Each structure stands twice: as structure tokens, then as C-alpha cells.
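Please look through the sequence and the model below before reading on. The report is meant to be read with both in view.

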Amino acid sequence: MINRKATTMNFPLFADLPDGDRQAIITEFVSQGGDTNNRTDLIQWIGSNKRLYANHEALYYTLGEARVTGGPPDDLAALTSEVLDEVYAFTGRFIAYPSDDAHVAHVLWIAHTWLMDVWDSTPRIAFLSTEPGSGKSRCLEVTEPLVPKAVHAFSATPAYLVRKIATDQVTVLFDEVDTIFGPKTKDNHEDVRAVLNAGHRRGAVVGRCTKGAKGQMVTEELPAYAAVALAGLGNLPDTILTRSVVIRMRRRSTSEQVEPWRERRHKAEAALIAKRLEEWSNFIRPKLTEPEMPEGIEDRNADVWEPLLAVSDQAKHGFGKEWPLTSRVSAVSLVSLGGAEAQSLGVKLLDDIRNIFNSVSVDRVPSEWMITALNQLEESPWATMKGGSLDARRLAYHLRKYDIGPKQVRFTDGSLKGYMRVDFEDAWSRYL
């Protein structure tokens, strides 16, 4: 049974306050337009307002302290809605999300980390941005006290991280993840890369060679399955992006106001919510079922979103935020945005070439003409690539992996090296 009054804080609980103090809180809430029948609004209001009442000094009323009644509710769907609403309200106080879809995904990802023994695979959540100062690290800071056994990877050696995951069910928070994928650092982070690439699926292992008791080399396989949150600049390798809920952060505008995050002030409040998440997970675990995917969410995207939608489906319709419906809207939206941003260079090239063929309505073009047309696309990278603009050799190199190459093609003014539209049809059908 959930103990609604359990807390490690030194502040009195709402239910334990004198009648006059409780009434003062509710009176102020009502005076600001609040409805005492709307439990979600009351919880959010108390969680976002600090007040002094009666003889209590610097009394902080947290989301957890807003509970007025004891004992678990009979309706687990209402409990799920209530818990998700609380996490939503808490995270929204400190993070300027790029969209409500991103906010919803973050809340569901946090909730799913308390049920890691249930899932066949766990999605990574990747907070990425093109510029620093966009709130990526703040997302991890707020996440840390809300998830089980958080480990900051940037302050841990690869060997420690791999063995920590193998021996304990930790949640990995990896800031500045972009720094491990450059050519200069590749050899120093192979273990971490292996965990990020493979550890999304239950049963995944990292193989290592170590010295045995007598000095001989022996092999060992260490479990790599773990929930992982990432934050970094730019993009990540496709092997990670396709296993991630991708949230493209942006700098907060002057009109977007959030509370400053202070660990010393807010960590205890977050710990209370984390305790409720843990208790909720024990109730909801046997109730989880395979969710129905919305149209457009399939294959690997379905693997990514299955745990999050399974959590949202346990919430109650018509209670607070409409989680079952909202989560599916968020899934379709973020998959669409993430896919556009995560498009590989090769797929981008195939897409641009298809657009060029469609614009001229011909079945063949000379290589030099194609190169010129690609380099003139202002929103594509071909004219400003590292090492110079696209040329015949580089175009052939990028298309080779799709079994496409230049050939001698007959045109009205003679035979030239060129590309046939028919040679692209198979790749277009597979990748676009």
C-alpha cells in the first residue's frame, strides 16, 4: 500500500497542518481562481508557489505534500494520471521545452525507467541542439532525482560505467555526448559506444577480454541493458538516433519564463515524487499491456515508443491531462521531426537527386550537370562540405553504397558520363 504521508523532508505535510493553515492555503488558491474540485490544478498550484503560513518558517509545499487523503486510490488509472500530471507539472517549472510533445515524451520516459524489468527494449531520450545554452544540461539535472539510481556518465570512466550497468540497474545520464564520437576520441570510448549502441535491448552484452586468476586471458560478457538519457550538440550517429526519442532543444526566448533549478532547494521535492513513482510502478507493473500504435509509428519507431505508450495507456481518460491520446499525438509529431533532422547524408543526397529529376522531367542527366544542380541547392550541404564542394568523385562515392554509379549515357549531343533515373528507383523506394 502506498503511504501517502511518507517523506524524508523536515517540512510538515499538508494533511498534518493545523486546520487554519490548510484553510489559508485553499483560500488563497480559490482567490486566484482555483477550483478545489480540480485536484490536478491544486497540486500544480501548491507545487509552484512558496508561501509562509502561521508559525512555519520557510515552509515549502511540494507536489507530494498536496495529498489530503491517505491510502491508495481504488482507481489505478486515476493514480497513473495523477502521478504523470505531477511529473509534468514539476518538470515544466524548470525546463523550457520546444513543444508540449517534447514535454509529454520526457514525462513518459521518466516514468518508464521505473519499470525496466518489464520492457523488451528501452528508448534513449536525446536532448540535442545546434547551439550551447539551449537547456540540454538542465533537462538532465531535473531528470536525475526523478529516475532510479542515476549515474552521470561524463564523470565516470568507461570501465566504471560498463561494470556499474552490469552490476546494478542504473539510469545513465550522459551530458556532452557529442564529444565521444569524434575521430580523435573514438579509441578512448569504445566501451561507452558499445553500451549506447547495443544496451537498448534486454539481454544485450558488452564483450571484454580480461586477465584470469592465473594471468591468462579470459572472455566475459557484461550486461549492457540500461535506460539512457543523452544531451549534446549537433547530431548523433544513426545507430543511436534511430533508438531514441529525439528532442531538439532551443534557446529560451525572453517570453519563456521558468524557475531556476537549485538542487539544494528542489532535490528533496523531486525525491518525494520519485518515491511516488516507485510506489506507483509496483501497482501498475502487472497491468501493463502492449499498446496500439498510431498510424505512421512502425518498425524501430514502434520499438522506441512502445514502453512510453504502454505507460500512458494506464492513465484515466478525462482525468487531468488526456495521456493516452496526447502521448500518441506526441509520438507522431516527434517521430516526424526527429526523422527529418536525423536524415543521413546519403538519404539527403537521394532526396535531392529525386527532386532534381522531377524538376526537369527527364530520365537521364550528365554527371557535371547533376553536380552543378546539387551545389546550387541553398538549403543542402553540398556546396559547403568539408574539403570542398561536391565533385564527380565524391558524388560517386556517396552513391556507391546504394549500388548506384555513373555510366556512359547517350545524349542528343553525344555520349557522356551520367546518371539514369531508373538506377535510383530502387533506392528511392527503400529509403525515401
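## About the model

This is a predicted model, in which local features need pLDDT of at least 70 and side-chain atom pairs count only at pLDDT 80 or more, while totals for chains, interfaces and linings use all residues. Residues are numbered from 1 along each chain as its sequence is written, and side-chain values use heavy atoms, with hydrogens and water left out.

Helices (H or I, at least four residues) and strands (E, at least two) are DSSP runs, numbered from the N terminus. Two strands are said to pair if DSSP finds at least two bridges between them; strand S4 (residues 205–211) and strand S5 (residues 217–223) have seven bridges and pair in the antiparallel sense.

Together S4 and S5 form a hairpin with five residues between them, and Lys-211 stands opposite Met-217 in S5. Within the turn, Gly-215 has a positive phi of about 90°.

## Salt bridges across the chain

A salt bridge is counted when a side-chain nitrogen of Lys or Arg lies within 4 Å of a carboxyl oxygen of Asp or Glu, and by this rule the count comes to 18. One of them joins Arg-276 to Glu-86, with the closest N and O atoms 3.4 Å apart. Because Arg-276 lies in helix H9 (residues 263–284) and Glu-86 in helix H3 (residues 76–92), the pair ties together parts that are 190 residues apart in sequence. Both Arg-276 and Glu-86 are buried, where buried means under 20% relative accessible area, exposed means over 50%, and partly exposed is in between (1.4 Å probe, protein chains only).

Asp-100 and Lys-321 also meet through their side chains in a salt bridge, at 3.3 Å from N to O. This pair links distant parts of the chain, 221 residues apart, since Asp-100 is in helix H4 (residues 100–112) and Lys-321 is in the loop between helix H10 (299–312) and helix H11 (323–341). Asp-100 is partly exposed, with a relative accessible area of 34%.

## Helix H12 and its surroundings

The expected span of a helix is 1.5 Å times one less than its number of residues. For the 16 residues of helix H12 (residues 345–360) the span should therefore be 22 Å, and the end C-alpha atoms are 23 Å apart, which agrees. After H12 comes Ser-361, whose phi is positive, near 55°.

Which residues of H12 are buried? Among them are Val-347, Leu-349, Leu-350, Ile-353, Ile-356 and Phe-357, and Asp-351 and Asp-352 are also on the list. The buried residues of H12 pack against several elements, including strand S8 (364–366), helix H13 (367–375) and helix H14 (392–400). Trp-369 is found in helix H13 and, at 38% relative accessibility, counts as partly exposed.

## Around Val-332

Val-332 lies in helix H11 and is partly exposed, with a relative accessible area of 36%. Leaving aside residues up to four places away in sequence, Val-332 touches Pro-294, Glu-295 and Ile-297, where contact means heavy atoms within 4.5 Å. Val-332 and Asn-301 are 31 residues apart in sequence, and their C-alpha atoms are 9.6 Å apart in space.
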